[in-house]
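Here is a friendly walk through one protein model, written for someone who likes to check geometry by eye. Have your viewer open and follow along.

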Amino acid sequence: MNYEESLDYLLERLPMFQRVGKAAIKKDLGNTLTLLKALGDPHKEFKSIHIAGTNGKGTSAHALTSVLKESGYKTGLYTSPHLKSFTERIRINGNEVSKQFVADFVTTNQVLIDQVKPSFFEVTVVMAFEYFRQEQVDIAVIETGLGGRLDSTNVIHPLLSLITMIGYDHMDLLGDTLDKIAVEKAGIIKENAPVVIGNNQQEITHVFEEVARSKGTEIHVCDDYQVIPVEKNLHHYTYNVFKKGQLLFQNLSTDITSTYFSYNIPGVLKTLELLDLGPMKIDQGAITRGFKLIKPSTGLKGRLQVIGESPMIIADISHNQPGLITLFEQLKQETKGKLHVVFGVVRDKDLAGIFPILPQEASFYWTSSNVPRSLPADELKIVAENHGIDGPAFQNVNHAIEEVRKLASKEDTIVICGSTFVVAEIDDL
């Protein structure tokens, strides 16, 4: 099979969460372990960092990867979902896995895949681990897909784990309280692998402490950091970072310009500190360089990404309540003119919790993606009207953007958000 045939095979044969929702979720790690065993357990042959959380896990993963790369380490990165190309999910030093490797992996293991009948995600995880083994990475940064405890990535025994902010998302799968969701995320905590709690949410810290205690594992809650913005705009942010009142970094610049990234910086820095105390050497210069060049170094897209000027056009994959609250608050503070929101969601999204936080002063344009889970724009428009928010519906996000451009003045801002899959279909991303 060639690359296109391989992807068609995976998509046609295997359930994919992004397309069919929770029907694709397996309730144990059996399939993943079976596939890995057949390949000689590649996940046991490289060092790793494991990251879980509701918001911030992706940007944290890319930030760590950028710094590790600047430190001279051959660094693998596994993230999901992809935006434009499947190969985005698996990278080494920012370079995407080759299409030839994907084709060869699927062709070689087709009989095994047919026997095990894994999900799309399970195969992708195993493919990444095999690639990292073959390429002999020094370390791999592994982002969970959903939850943690039963996530297919949770077969690794990492050097350490990082858990970012916990919020309400995928509650039908992870639980309807923060405690329940935290328990699922805490499932990545392993024996003899320190865990960093990047965002100090005092109401759920006890969950992580209890799991860490049961595993006999060190826990590091990042409550002694202060991250103070010095300069901020939609192209770069600069921070002064303090630890226990002492200046740790002055004018730490980053090209991730989402305000919520400031909440992730303590966890990233603590993770790097622990790595430096252990098996790897990471100096402040590498951290400074790595933070400044996260996007070009790792290929990160869709996080407050400016894709047009006059009017300003921004693509952001924020899709749950905490992420959207932070996004709209930042746009209110840092943009001028009228705000135009091109918005789409998946069917299982908690719309009752999202509509009340949408900015009332903005103009809305409802859209959808081609993913089967996507809520059709016409249906979203009806739900929105029931919540008192009017706006036209567009079946394609690019048609919506084209129409909004005509209506917006040069001083206005257009933001596309609400769904990773809507953002992924933007032509100019």
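Which residue in S10 is the bridge partner of Ile228? In S10, Ile228 has Asn240 as its bridge partner.

## Ground rules

This is a predicted model, in which local features need pLDDT of at least 70 and side-chain atom pairs count only at pLDDT 80 or more, while totals for chains, interfaces and linings use all residues. Residues are numbered from 1 along each chain as its sequence is written, and side-chain values use heavy atoms, with hydrogens and water left out.

Helices (H or I, at least four residues) and strands (E, at least two) are DSSP runs, numbered from the N terminus.

The opening pair belongs to strand S9 (residues 225-232) and S10, which run antiparallel and are joined by seven bridges. Two strands count as paired if DSSP finds at least two bridges between them. The hairpin from S9 to S10 passes through four residues.

On we go to strand S11 (residues 246-254), which pairs with S10 in the antiparallel sense over six bridges. Here Tyr239 has Leu252 in S11 as its bridge partner. S10 and S11 also form a hairpin, with two residues between them. Lys244, in that turn, has a positive phi of about 50° and is not a glycine. Lys244 is exposed, because its relative accessible area is 64% (exposed means over 50%, buried under 20%, partly exposed in between, with a 1.4 Å probe and protein chains only). Strand S10 itself (residues 237-243) is mostly covered, with six of its seven residues buried.

Now look at the open sheet of eight strands, ordered S4-S3-S2-S5-S1-S6-S7-S8, with mixed pairing. Strand S4 (95-96) and strand S8 (219-221) stand at the edges with a single partner strand each, so one side of each has no neighbour in the sheet. Inside the order, strand S6 (residues 160-163) and strand S7 (residues 195-197) pair in the parallel sense over three bridges, and Ile163 stands opposite Ile197 in S7.

Helix H11 lies across S1 (47-52), S5 (139-143), S6, S7 and S8, running at about 170° to S6. For angles like this one, axes are lines fitted to C-alpha atoms, for helices over the stretch in contact, and the angles run from 0 to 180 degrees between N-to-C directions. H11 (residues 261-277) has 17 residues and reaches 24 Å from its first C-alpha to its last, close to the 24 Å expected at 1.5 Å a residue; the expected span is 1.5 Å times one less than the number of residues. Of those 17 residues, 13 are buried, leaving H11 mostly covered.

How do two packed helices get described? By the angle between their axes and the distance between the axes. For helix H9 (residues 178-185) and helix H10 (residues 205-215), the axes come within 9 Å and cross at roughly 35°. Asp179, Ala182 and Val183 of H9 make the contact with His206, Val207 and Phe208 of H10 (contact means heavy atoms within 4.5 Å).

Over in helix H4 (residues 57-70) you will find Thr59, which counts as buried because its relative accessibility is 3%. Not counting residues up to four places away in sequence, Thr59 touches Ile256, Tyr260, Phe261, Asn264, Leu300 and Arg303.

## The five-stranded sheet

A further open sheet has five strands in the order S12-S13-S16-S14-S15, again with mixed pairing. Its edge strands, S12 (305-308) and S15 (363-366), each pair on one side only, and the twist averages 25° from one strand to the next. Strand S14 (residues 339-343) runs parallel to S15, joined by four bridges, and Val341 stands opposite Phe364 in S15. Helix H14 (residues 321-334) lies across S13 (312-315), S14 and S16 (413-417), at about 170° to S16.

## Backbone details to check

Two cis peptide bonds are worth a look. One joins Ser80 and Pro81, with omega about -10°; Pro81 sits in the loop between strand S2 (75-78) and strand S3 (90-92). Another runs from Ser310 to Pro311, with omega near 5°, and Pro311 is in the loop between S12 and S13.

Finally, Asn192 has a positive phi of about 55° although it is not a glycine. Asn192 lies in the loop between H9 and S7 and is exposed, with a relative accessible area of 69%.
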